[in-house]
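Thanks for coming. Please have the structure open.

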Amino acid sequence: MIVDRSEVVRSIVSRLLQNQIKNICLITCGSVEEALDYLYQDKFDLITSSLVLPGLDGLDLCHEIRRNKKQYFTPVIMVTSDINQSILHQGFSVGISYFFNKALGYKRLVEFIQEILQRHLGQVGRILFLTDKVNNMQYIIKKHGFLIKYISCGTQALEILKDNSVHEDKFDIVLIDWSLKGKMTNANIIDNIRNKLYYSSQEMPILVIIPANDHSSIVNILHTGANDFISKPVIEEILIARLKSLILVKQQDRILKSCSKKIYNLKTTDGLTGVHNKKYLLEEGKAFITQHPNVCLMMIDIDNFELLDLADEILHLVGQFLLKSFPQEVMISRFAGKKFAALIPDCAFNYGKTLATNLCQDLIKFKPENLEITISIGIASCEAIAETTLNNLITDANAALSEAKKQGNNHISVITT
């Protein structure tokens, strides 16, 4: 929602947003009264408002937004050229999330809106607050769209964080009142988070609230692994700014890891067939065997491939056929040219042979591109080798495949000794 008294401004910002963000749904309003009609009907992902509006102003609008359960956590950007200490204080007190200097122009405003949307969409700031003194800080934090859980026991907090990766409501940040009393010292709690639960400062930011003028604790706090601190009496604007800053650090770390994973997947996936490439098999296969001691390896080769038309299409279809034929836990890779490898966990010798037989029969029925394609398969099992290593399995599976090819098309061979 865009709230501005100027129809021209609303039109310019709307057009820029529609050009930059696909499938965006925009509502524009010229007054608080008009905006309120929509606020009680729909849930918005973001609201921008001018400070100066006809009748009620932007501060009044934000006050009404925070009274509405649907919009309680919605980020609100106040757009104004009059940003001073008084306005900042009033704005934060009624729940404004961000201020934007109108003098920077409409293009920068749209960029700013995009940045805020990227931070907030699908992500809620969840705070685990270690304190034994619940006060009005709960209201302050919730008012700005955070979810908060109070814990007064360090051991309990560590148990919660231990399961944080599988918990439905994951926490994004730990807030610790340094005056918290208990069997565990605050320094020990932080040390456990960093060195026993193995959370980095990016994965789980820690903000500590220290007593007024307690400068002696600052070095100790930072040395134990906290990201930042804030002194009592807590100033709302500073607390919220630091919480948002640290949660942004976590979000950026999450995005970076996601990008790194995507890049790794691209590097280790065969672009033509869609299965993993040889690099992936060689890098991940050793750990796979360690995790699944009872494995077998199939080497799968397309028969008479040089006589087939549409070679690339056939490779792609066979790769997709293999992905659909095996369970998800099987590691399938394109080993070389027309040869594929399938590393199968928890697979006894006889079961592996049954899988290979079914695979050959199913491919004949599949008839990709209406061609009768057959495959030869060599099987190596950990039951038949003295030492189960990836190299040994590959060597034996290749030897078995050579024997299968000597017998003609559509044959299976196994290494039994």
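The chain has an accessible surface of about 21,300 Å², and carbon and sulfur atoms account for 51% of that. Areas are by the Shrake-Rupley method with a 1.4 Å probe, and for residues only the protein chains shown count as cover.

Before going on, the ground rules. This is a predicted model, where local features need pLDDT of at least 70 and side-chain atom pairs count only at pLDDT 80 or more, while totals for chains, interfaces and linings use all residues. Residues are numbered from 1 along each chain as its sequence is written, and side-chain values use heavy atoms, with hydrogens and water left out.

On overall form, the radius of gyration is 30 Å, whereas a compact globule of 417 residues would be near 22 Å. That radius is taken over C-alpha atoms, and the globule rule is 2.2 Å times the number of residues to the power 0.38. Along the principal axes, the C-alpha atoms fill a box of roughly 90 × 60 × 30 Å. Of the 417 residues, 47% are buried, meaning under 20% relative accessible area; exposed is over 50%, and partly exposed lies in between (1.4 Å probe, protein chains only).

The chain has 14 helices and 16 strands, taken as DSSP runs (helices H or I, at least four residues; strands E, at least two) and numbered from the N terminus.

Now the charged pairs. How many salt bridges are there? The count is 13, where a salt bridge is a side-chain nitrogen of Lys or Arg within 4 Å of a carboxyl oxygen of Asp or Glu.

Asp 301 pairs with Lys 338, with the closest N and O atoms 2.6 Å apart. Asp 301 sits in strand S12 (residues 296-302) and Lys 338 in the loop between strand S13 (331-336) and strand S14 (339-344), so this pair ties together parts 37 residues apart in sequence. Is Asp 301 buried or exposed? Asp 301 is buried, at 6% relative accessibility, while Lys 338 is partly exposed at 23%. Both belong to a network of salt bridges that also includes Asp 303 and Lys 405.

Next, Arg 242 and Asp 228 form a salt bridge with a closest N and O distance of 3.8 Å. Arg 242 lies in helix H10 (residues 236-267) and Asp 228 in strand S10 (residues 228-231), so the pair joins parts 14 residues apart in sequence. Arg 242 is partly exposed at 30%, as is Asp 228 at 22%.
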